[in-house]
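Have the model open while you read.

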Amino acid sequence: MMTMSEFRSLFHNGLIKQNTGLVQLLGLCPLLAISNNVVNALSLGLATTMVMAASSGAVSSVRHFVPNEIRIPVFVLIIAALVTVIDLAMNAFVHPLYLVLGIFIPLITTNCIVLARADAFAAKNHPLHSVVDAISMGLGLTLVLIVLGAIRELAGKGTLLSGIDMVFGQAAKGWVLHILPHYQGFLLAILPPGAFIALGLLIAANNWNKARAVQRVRAAVPMAT
Amino acid sequence: MSMTVATRNALRTGTVLFLFALVGTAMLAFTHDQTEPVITRSQQAEKLALINQVLPASSYDNDLLASRQDLPPDDLLGTRQPSALWIARRGSQVTAVVLEAIAPDGYAGDIALLIGIDIDGKVTGVRVTAHHETPGLGDYIDRAKSAWIDQFSGKSLTDPESKRWKVAKDGGAFDARAGATITPRAVVKAVKSALDYFARHRAAFVAAPPAKEKKA
Amino acid sequence: MLAAIGVMAILAVAIGLVLGWSAIRFKVEGNPLAEKIDAILPQTQCGQCGFPGCRPYAEAIAKGEADINQCPPGGEEGVKKLAELLGVEPKPLDETHGTPKPKSVAFIDENTCIGCTLCIQACPVDAISGAAKQMHTIITAECTGCELCLPPCPVDCISMVPIAEDLPHWKWKHPVVMMKQIAETEDA
Amino acid sequence: MASPFILDRTSVTQVMAWVLAALLPGIATYVWLFGPGILVTLSLATVTALAAEAAMLKARGYPAKPFLADLSAIVTAWLLALSLPSLAPWWLIITGTLFAIVVAKHLYGGLGQNIFNPAMVGYAVLIVSFPVQMTHWAGPNELTSVHLTLAQSATVIFGGDVPRTTLDAVTMATPLDALRTGLLQQLTVDEVMTHPIFGHYGGVGFEWLAGAFLLGGLLLWALRIISWQVPLAFLAGIWLTAGFLNFYDAGRFGPPWFHLFAPSVMLGAFFIATDPVSGATTPRGKLVFGLGAGFLTMAIRTWGGFPDGVAFAILLMNLCVPLIDQYTQPRIYGGADKEPRT
Amino acid sequence: MSRELFRFKGGVHPPEHKAESTSRPIHAAPLPKKLVIPLRQHIGNPAKPVVEVGERVLKGQMIAAADGYISTAVHASSSGTVAAIDLQPVPHISGLPDLCITIETDGRDEWVAHAPLDYQAMESPQLRMQLRDLGLAGLGGAVFPSAVKLDPGASHACPTLIINGGECEPWITCDDMLMRHHADEILQGVAIMRHLLGSTEILVGIEDNKPEALDSMRSAAAKLDFAVEVVKVPARYPGGGAKQMIETLTGKQVPSGKLSTDIGIQVFNVGTSYALARAIHHGEPLISRLVTVTGHVLRPQNFEVLIGTPMHTLITLAGDRDGTTGVLMGGPMMGVPVPNLDVPVVKATNCILVKSKELFPPLPKALPCIRCTRCADACPAELQPQELFRFAKAGDFGRAQEYHLFDCIECGCCSYVCPSHIPLVDFYRYAKGEIWAREKDKRAADLARERHEFRQFRQEREKKEKAEKLAAKAQAKRAELAAVPAAEGAAVSDADAKKALIAAALARAQAKKTDTAPKNVDQLTPEQLHQIEEIEARRTKIRELARKPLESEEKKP
């Protein structure tokens with residue numbers, strides 16, 4: 001079982017300290033390609049989280065039976081199977097969203113975050129810890145995806161949540177927020193270069209924040225020597 | 001033991017990997033079985049939904065998707081590969097056709113169109129299904145971006161008259177946005193050609209036997 | 001369906017066999033990473049890192065058993081180089097292992113030395129010459145300044161002498177062209 | 001501080017001032033042939049650039065005085081303004097300038113550190129994001145019935161209420177736009193060239209503008225502020241590529257002289273491709289850089305998605321600069337002729 | 001006289017400022033009370049003192065002898081008493097003191113016995129030994145021992161001898177003045193060089209801004225019995241550099257990393273030639289030289305100065321003025337700032353340049369490099385200074401070396417033209433220094449590693465040998481015991497006694513350790529005390545570690 005502090009440190013690790021998008025810079029291909037609006041970002045983020053939780057749990061449960069030499073093939077096999085299952089399920093049950101997320105669902109298989117966590121964490125830890133770790137990592141990624149998606153959607157089109165009907169059906173059409181009415185649109189934000197620029201700015205903001213935190217700590221504790 | 005360490009290890013890893021592969025594949029096979037019909041249904045629904053954008057569902061009662069035929073490449077359709085044709089019927093009467101066409105002279109290459117034409121030669125609707133036009137400039141032909149494409153509905157070769165099948169800037173009957181006239185010009189031209197094509201082959205379409213559908 | 005399962009199974013067996021066999025056959029002995037780390041370490045052999053010499057410390061780092069910030073003679077620059085080699089974030093020196101000191105060499109007070117040879121046995125680089133009951137001398141050119149000879153000396157006759165900067169040892173400092181500072185002085 | 005203890009008089013500020021001075025004949029011609037609207041654009045870009053530069057310097061903890069005084073921000077602003085359509089809306093000018101100064105210059109490390117030409121980054125961002133607004137080119141006075149005054153231009157730029165008909169009467173497609181549109185309608189080059197916008201070489205008015213920029217460029221060369229390699233290679237790259245295509249099929253590819261004197265080429269050759277910070281530094285590297293940019297410009301004009309390609313060509317070549325420099329290291333004094341090992 | 005000249009790439013043309021110091025004749029500087037003569041005045045090993053404090057020396061007497069092949073002797077510039085042999089301030093950029101011999105002069109200026117050398121009758125090696133003992137070194141600035149340069153070696157014939165009359169640095173005129181007034185003696189020196197090197201072609205390169213020197217040298221050359229071509233070359237900095245002079249006159253470039261002798265050319269400064277003539281024809285060692293004192297002084301001029309004369313006396317002679325902002329040894333392009341005015345004139349001192357705010361305005365603040373490549377255009381070594389700067393600044397010394405950092409001659413042209421006013425040369429000097437230092441550290445580390453590994457190997461081997469010996473002994477003993485069981489007691493007590501002795505010694509040491517514990521800890525902060533404790537704890541641990549093998553070894557017998 002896990003204590004509250006372990007739980008908290010795992011989440012802190014996944015959401016902030018080792019954030020996949022902003023700190024580890026893993027799995028950037030889907031991150032950059034899919035973050036052109038909030039709905040896409042959220043959906044891919046959740047799909048990845050799901051795969052990560054399932055695969056980490058599975059990997060962690062079987063970790064004692066897997067010889068070291070074939071651990072990578074086994075992990076990839078588990079992840080690939082899970083991703084394909086989710087891919088088929090999405091194709092069947094949320095078809096419009098499937099059309100948008102398209103090739104990025106199968107690509108979750110090769111997303112380094114999933115394999116990285118499976119190999120670096122799940123293969124060495126208890127299943128419960130592994131699942132929590134995977135969820136926190138996945139949520140960390142989802143968070144970045146949402147922020148990135150929001151920035152790009154807002155800057156690019158002046159809206160938020162456009163395309164939400166693809167997830168929740170026609171009824172959700174009215175949920176789209178037109179934050180900036182009569183906005184001319186800033187195409188670059190939606191195009192691929194916008195993804196790089198926005199991610200760069202996010203990383204910069206994160207680093208700046210960290211640097212400031214370090215400075216605060218330094219200022220608070222006078223140098224011992 | 002006569003086996004070497006390497007062989008023993010190889011057998012062990014081989015077995016483990018085999019077991020994992022077996023379980024994984026079985027899981028996949030099961031999911032695939034469960035989802036396959038659903039997926040086929042949603043794909044067909046999607047196609048039908050697209051067709052229904054250019055041809056109201058109320059105007060036919062046959063299984064439209066099953067009526068699909070291949071049209072040979074034709075200059076009027078702008079096609080270089082066989083393209084699809086769907087024939088809508090009410091009862092046994094042909095009421096309209098839906099066909100694929102290509103506007104080859106877009107600003108940045110081909111623009112793929114889906115055009116519905118009723119039996120009187122009137123356009124029931126046009127949709128752009130694929131294009132590479134400059135985002136924010138030529139892409140307003142996409143229904144998702146603007147309603148521009150709707151202005152074709154109800155038009156025929158006689159309304160407006162043939163020489164007014166042009167964009168407003170060239171003295172025609174169709175609007176086009178300032179600064180981006182190449183794209184609409186291409187679309188207008190392609191729709192008109194498709195109408196010409198329909199006019200030329202109308203008899204064949206009307207006479208087409210619904211035999212194939214029964215099979216499906 | 002069965003075909004799919006069959007193909008996967010055969011593939012899995014084949015790959016598993018090859019991998020399992022290769023893992024034993026192509027095992028690499030030794031650690032090239034440790035060599036590279038050892039090349040960065042200053043070779044003072046002082047043991048401040050908690051290992052009996054630079055090489056064992058290098059091996060420990062390579063295995064992930066020791067941190068990169070345990071070598072005071074290497075200083076911050078050494079940590080930075082190790083971090084670069086290993087692709088990790090540099091961190092400040094761990095002060096429990098000591099702090100960097102100016103480069104020094106040992107010096108034996110010839111009047112006090114009793115010739116006990118204890119320091120000779122402690123010196124990791126054989127930089128002390130002498131024999132039993134004879135006065136010992138440091139070979140300055142070979143002394144790494146590790147201080148290991150200080151504790152064993154029964155008469156405390158060894159001291160560390162910092163290497164003074166003199167003309168032959170002088171070198172150019174990094175020219176500071178930090179625009180901020182320069183322009184600030186101009187404004188002032 | 002050690003030797004040397006004396007300095008030549010030239011400073012970065014002087015270099016930049018000369019670049020600005022060399023742009024003046026071009027600006028004067030611009031005003032004369034296309035109306036005074038460009039002055040509004042130039043002023044707005046300059047003010048924005050200086051404000052952005054000062055703000056970024058402050059944010060980065062640098063003193064504003066010596067860096068604002070180096071005039072590099074103004075050079076960027078002017079080059080961007082001269083690349084924009086003369087009646088581009090105010091927010092377009094500000095967005096482009098901000099991108100140039102904040103992102104392309106300061107986020108890359110400020111003066112001397114930017115790997116891309118800031119003005120061209122600003123231009124590229126705008127043409128990608130706002131293709132419609134980037135077509136607001138005032139036609140040459142010679143061809144338009146309505147001539148805007150300075151105040152009227154300002155009204156247009158600042159989004160004041162201008163009758164649509166007036167705007168339509170003032171703006172015109174640029175010669176490159178016209179050529180591209182015509183060719184896409186399967187017209188031959190000769191048929192397209194009957195359009196009134198085409199002058200002797202590069203379009204009515206535009207050819208004189210190109211001449212004025214050429215003049216300014218030659219001044220910079222005479223002052224040894226720019227070297228001959230980049231402009232010559234750039235022009236040669238365009239001329240050779242265009243010439244080859246034109247020779248191959250004169251009906252589908254415009255004549256080389258037209259491509260040389262089309263807007264943006266002379267400005268690009270003498271003022272933008274010669275930007276030392278983002279350009280190649282070795283003599284042979286400069287030739288490669290210029291030729292590459294010239295070829296890419298023609299490739300984009302001919303096969304790309306935008307009518308003009310100078311900006312993208314230069315940005316693409318900016319990317320290659322480290323590689324070019326590495327492989328074109330000149331022979332050193334008394335040394336064997338080979339590039340440094342990698 | 002219409003020799004084809006070649007143009008070297010790069011270079012600059014700063015204002016010359018030569019006229020200031022050429023309008024007055026050469027004055028002999030008076031004998032100072034104290035001469036401070038550094039032992040490191042040349043490239044190579046410093047000279048080794050051969051006199052003792054308190055010893056009386058005569059003018060021209062060798063006071064320090066050459067140490068090794070690349071070295072040269074140092075002499076007393078006047079008669080007097082050796083007052084000290086210690087560290088004194090010297091003209092070096094670091095401001096660090098160096099070993100010098102201080103002589104309190106007696107005012108008698110009494111010469112040591114000296115006589116001309118019959119160089120034509122002497123064997124070459126012997127003659128060169130003489131020159132080394134006469135302290136000859138290149139006076140153009142590099143102060144390379146002349147005896148070494150006058151050795152053409154087994155394979156290197158030097159058919160071309162170039163006498164460098166190029167004085168490209170602004171302000172400096174000592175070579176100009178020397179050529180105007182001592183052309184004959186310079187050419188006498190050339191004759192000796194020609195004799196030693198076996199040169200067939202002799203060229204003298206003089207810049208076109210020294211017409212008087214050209215005339216004087218030409219008329220002197222016309223009187224010789226061998227051909228010396230005096231060539232007028234265009235004045236451009238650094239045209240007086242040896243490699244640049246060679247290219248200007250012959251069109252040949254000295255290959256990178258090689259010496260000019262590799263292409264059959266040797267270059268000497270006119271001053272060196274003059275000193276050589278004085279040495280051979282008068283037997284005088286190098287104890288004085290011409291020094292230009294100029295800049296912010298009342299009477300800029302050239303002095304004949306004894307080596308070791310403090311610089312302030314020369315500035316006083318030239319008339320010091322208010323508003324001095326510093327003094328340079330050498331010219332403004334390559335000179336070094338003098339840490340204080342007590343430093344002596346040395347063999348390398350060609351000019352003392354007094355700075356003022358008006359003549360040398362403070363250098364403007366540096367801006368970032370904009371890669372304009374003006375530096376590359378100006379670089380006479382045809383390097384890419386902007387890249388070298390980038391690498392040096394970033395500490396990427398490997399790349400700096402790949403871009404030929406060590407071909408940089410530190411002439412300063414790049415810094416001079418840089419519109420961003422970056423002190424580029426400082427970066428190159430820094431990078432070179434770092435590279436040398438690192439190579440030294442690396443060698444030291446390699447040596448330490450090697451010795452440590454050998455020690456471990458040796459210990460292993462000794463242990464093994466000991467174990468073998470013990471095993472053999474034990475066996476012998478067993479056999480012995482079986483034979484004579486009674487002898488047992490004695491052996492044991494013997495081992496015990498030895499153990500007790502060592503234990504006692506260790507205990508003594510331990511006691512001493514604890515006794516001699518904390519000293520000077522009264523005024524320390526708690527943090528420092530804590531730190532000391534930690535260090536002590538660690539030392540104890542190491543001590544234990546150090547003792548362990550000893551104990552375990554003891555237990556074995």
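Helices here are DSSP runs of H or I with at least four residues, strands are DSSP runs of E with at least two, and both are numbered from the N terminus. A quick note on bookkeeping: residues count from 1 along each chain as its sequence is written, while chains are lettered from A and ligands numbered from 1 in the order in which they are written. Keep in mind that this is a predicted model, where local features need pLDDT of at least 70, side-chain atom pairs count only at pLDDT 80 or more, and totals for chains, interfaces and linings use all residues; side-chain values use heavy atoms, with hydrogens and water left out.

As background, most peptide bonds are trans, and most residues other than glycine have a negative phi. Let's look at some spots that go the other way. In chain E, the bond from Y237(E) to P238(E) is cis, with omega near -5 degrees. You'll find P238(E) in the loop that runs between β11 (229-233) and α6 (242-250) of chain E. Chain B has a cis bond too, from D159(B) to P160(B), with omega near -5 degrees. That proline, P160(B), sits in the loop between β5 (123-130) and α2 (182-207) of chain B.

Chain C brings in positive phi angles. Both Q43(C) and T117(C) have a phi of about 65 degrees without being glycine.

**How the chains meet**

Contact means heavy atoms within 4.5 Å. Nine pairs of chains touch, and the pair with the most contacts is D and E. Chains B and E, on the other hand, have no contact, and their closest C-alpha atoms lie 34 Å apart.

Back to the D–E pair: 53 residues of chain E are in contact with 37 residues of chain D. Buried area is the accessible area (1.4 Å probe) that two parts lose on being put together, summed over both. For chain E and chain D this comes to about 3,900 Å², with carbon and sulfur atoms giving 59%. On the chain E side, I370(E), R371(E) and Y416(E) lose the most area to chain D, together 17% of what that side buries.

What about charges and polar atoms? A salt bridge is a side-chain nitrogen of Lys or Arg within 4 Å of a carboxyl oxygen of Asp or Glu, and the rule finds two across this interface of chain E and chain D. E382(E) forms a salt bridge with R331(D), and their closest N and O atoms are 4.0 Å apart. A polar contact is a pair of N or O atoms within 3.5 Å; within protein, one must be able to donate a hydrogen and the other to accept it, and residues adjacent in sequence count only if both atoms are side-chain atoms. Between chain E and chain D, 14 residue pairs are in polar contact, both at pLDDT 80 or more. Several helices of chain E each supply at least two residues of the side that touches chain D, including α10 (385-394) and α13 (424-483).

**Inside chain E**

Domain bounds come from an automatic or database domain assignment. That assignment gives chain E a domain 1 (19-356) and a domain 2 (363-473). Their centres, taken over C-alpha atoms, are 32 Å apart. Eight residues from domain 1 and nine residues from domain 2 make the contact. About 670 Å² is buried between these two domains of chain E, and carbon and sulfur atoms give 53% of it. The count of salt bridges between them is zero, while three residue pairs are in polar contact, both at pLDDT 80 or more.

**A threonine in chain D**

T174(D) lies in the loop between α8 (164-170) and α9 (175-184) of chain D. With a relative accessible area of 8%, T174(D) is buried. Leaving out residues up to four places away in sequence, T174(D) touches W137(D) and F206(D).

Note on methods:
Buried < 20%, exposed > 50% of the residue type's maximum accessible area, 1.4 Å probe, protein only.
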